[in-house]
Every structure is written in structure tokens, then in C-alpha cells.
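Let us walk through this model together, one region at a time. Please have the coordinates open as you read.

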Amino acid sequence: SVAACGDTGTFYAVAHLGGIWKSTDKGASFTEIDSTDRYNTGLDCSADATKVVLVLATTSYPLMSTDSGASFNEVTSVGTGQWTDACIDDSSSYTAVFLKVGSIVLYTGSDYTTHNPNTTYSAYRECAISSDASMIAVATYPTGYLWTTTDAGGTWNDRSPAGLQSYQAVAVGSSNHLAVGVYDGELYTSE
């Protein structure tokens, strides 16, 4: 996984097995900032590069840094799991999203809520969040649902663009436009 932090020129990267790497020169070079071998599955950073979230494939707690990657702490309040992805917004009172089968966890630093909008097809795999947390999008795999919320998880809407597909990636852009990548190479966008 690779996460680009806005237009700062900062990138964070992890391999499936390994530590955490950081570039502050637009990817020209990377420095290992944490050498702990982990089975990494999801990574994201805020646009200003100060907040980083990381989840692992092994049963564990999600990890978070609020000091530009100088230190990572376990987010113990949300419990353990075999996490599949993580994303974080850009606000100072941040929202982080952590995914695992059967749970979408919205974490605000002092509290969290757990959601499961579709109990039949809940293999949550990819997430994206707008910079101001006004939209959160979550895709399932291989069952192919795309769920969005614009009210911090109060209501989840099925926004699956072309029926059930094997969604591999999701992004939320300006004005909450969605882009969704599909396993067979198609790309769907909203509006």
C-alpha cells in the first residue's frame, strides 16, 4: 500500500510483510521509519501528512500516528480484528475508518461507532473518506457492494454503480464524487 499526503510531497508505504517507509521528497527516496515486520493490509494519511493509519491482516489493533509518523500507537478502544483497510480525513478533529469483515468502525479519537449496513454481504475491503469527512465510501469484495454515508454512519446508502462487481478500490474526490475500480479493469465514476 502507498498513501499520498495531499500536495505535501510526502508518501507513506508498506509492503505486505515489513515495516513502514516514508518519503518527504515526492517519492525520490524513502526512509524506513518503523522496522517492525507486520502483515500490512491498509494504509492512509491526512493531506498535511500529520496523521497516518495502518491496519494489519493478523488479529491485532489498528495503528495510528498523529505526529507525522514519529510514533505509532495501537487504537485499543476499537478492539482487535483482521483488518482490511483504513482511511482518515484531514480535519483536526479527525475521523478514521477501520474495516474488517462484518464491521465498519468510525473512530474520532475519543469515541467510536460500529456499523454493518449489509449483514449478508459484509466483506468490507476498501474505504475512502472526503477531506472533511462529509462522505465515507466503503466497498465490499468479492460481493460487490458500494456503501456511502454523508451523516457519519447514521444512514448508509447502496451506491453500487453496475450491480454486483468485485470492487478493488474506491476514492472520494471534491464535491463527494466517487470513483470505483473493478477487478476486471473497469472504472466507474459518479456524476
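A residue is called buried here when its relative accessible area is under 20%, exposed when that value is over 50%, and partly exposed in between (1.4 Å probe, protein chains only). By that rule threonine 95, at 15% relative accessibility, counts as buried. The model is a predicted one, in which local features need pLDDT of at least 70 and side-chain atom pairs count only at pLDDT 80 or more, while totals for chains, interfaces and linings use all residues. Residues are numbered from 1 along each chain as its sequence is written, and side-chain values use heavy atoms, with hydrogens and water left out.

Where does threonine 95 lie? You will find threonine 95 in the loop between strand 8 (83-88) and strand 9; helices (H or I, at least four residues) and strands (E, at least two) are DSSP runs, numbered from the N terminus. A contact means heavy atoms within 4.5 Å. Leaving aside residues up to four places away in sequence, threonine 95 touches Cys87, Ile88, Asp89, Tyr107, Thr108, Ile129 and Ala133. Cysteine 87, one of these partners, is buried as well, with a relative accessible area of 1%.

The term stands for a set of buried Ala, Val, Leu, Ile, Met, Phe, Trp, Tyr and Cys residues joined through side-chain atoms within 4.5 Å. In soluble globular proteins, nonpolar side chains tend to be buried together. The largest core in this model has 14 residues, and the members that touch the most others are Val97, Leu99, Ile104, Ile136 and Val138. Strand 9 (96-100), strand 10 (103-107), strand 12 (124-129) and strand 13 (136-140) are the elements that give two or more residues to this core. Strand 12 supplies the largest share, three residues.

Not counting residues up to four places away in sequence, leucine 99 touches Trp83, Thr84, Asp85, Ile104, Tyr124, Arg125, Glu126, Cys127 and Val138. Among them, cysteine 127 is buried, with a relative accessible area of 8%, whereas arginine 125 counts as partly exposed at 30% relative accessibility.

Side chains of opposite charge can pair when their charged atoms come close. A salt bridge is taken as a side-chain nitrogen of Lys or Arg within 4 Å of a carboxyl oxygen of Asp or Glu, and the structure holds two of them. One joins the side chains of arginine 125 and glutamate 126, at 4.0 Å from N to O. The other brings arginine 38 and aspartate 34 together at 3.3 Å, N to O, and both of these residues are buried.

Next come the sheets. Strands of a sheet pair through backbone hydrogen bonds, either parallel or antiparallel; two strands count as paired if DSSP finds at least two bridges between them. Seven strands build an open sheet in the order 1-2-3-4-5-6-7, with antiparallel pairing. Strand 1 (2-5) and strand 7 (73-74) stand at its edges with a single partner strand each, so one side of each is left without a neighbour in the sheet. Strand 6 (residues 63-65) pairs with strand 7 in the antiparallel sense over two bridges, and leucine 63 stands opposite glutamate 74 in strand 7.

Cysteine 5 lies in strand 1 and cysteine 45 in strand 4 (residues 31-45), so the pair ties together parts that are 40 residues apart in sequence. The torsion about the S-S bond is about -120 degrees, so the disulfide is left-handed. Both cysteine 5 and cysteine 45 are buried.

Finally, an open sheet of three strands has the order 16-17-18, again with antiparallel pairing. Strand 16 (167-172) and strand 18 (187-189) are the edge strands, each pairing on one side only. Strand 17 and strand 18 pair over three bridges, with alanine 179 opposite threonine 189 in strand 18. Glycine 181 lies in strand 17 (residues 178-182) and is buried, with a relative accessible area of 16%.

Conventions
A disulfide is a pair of cysteine sulfur atoms within 2.5 Å.
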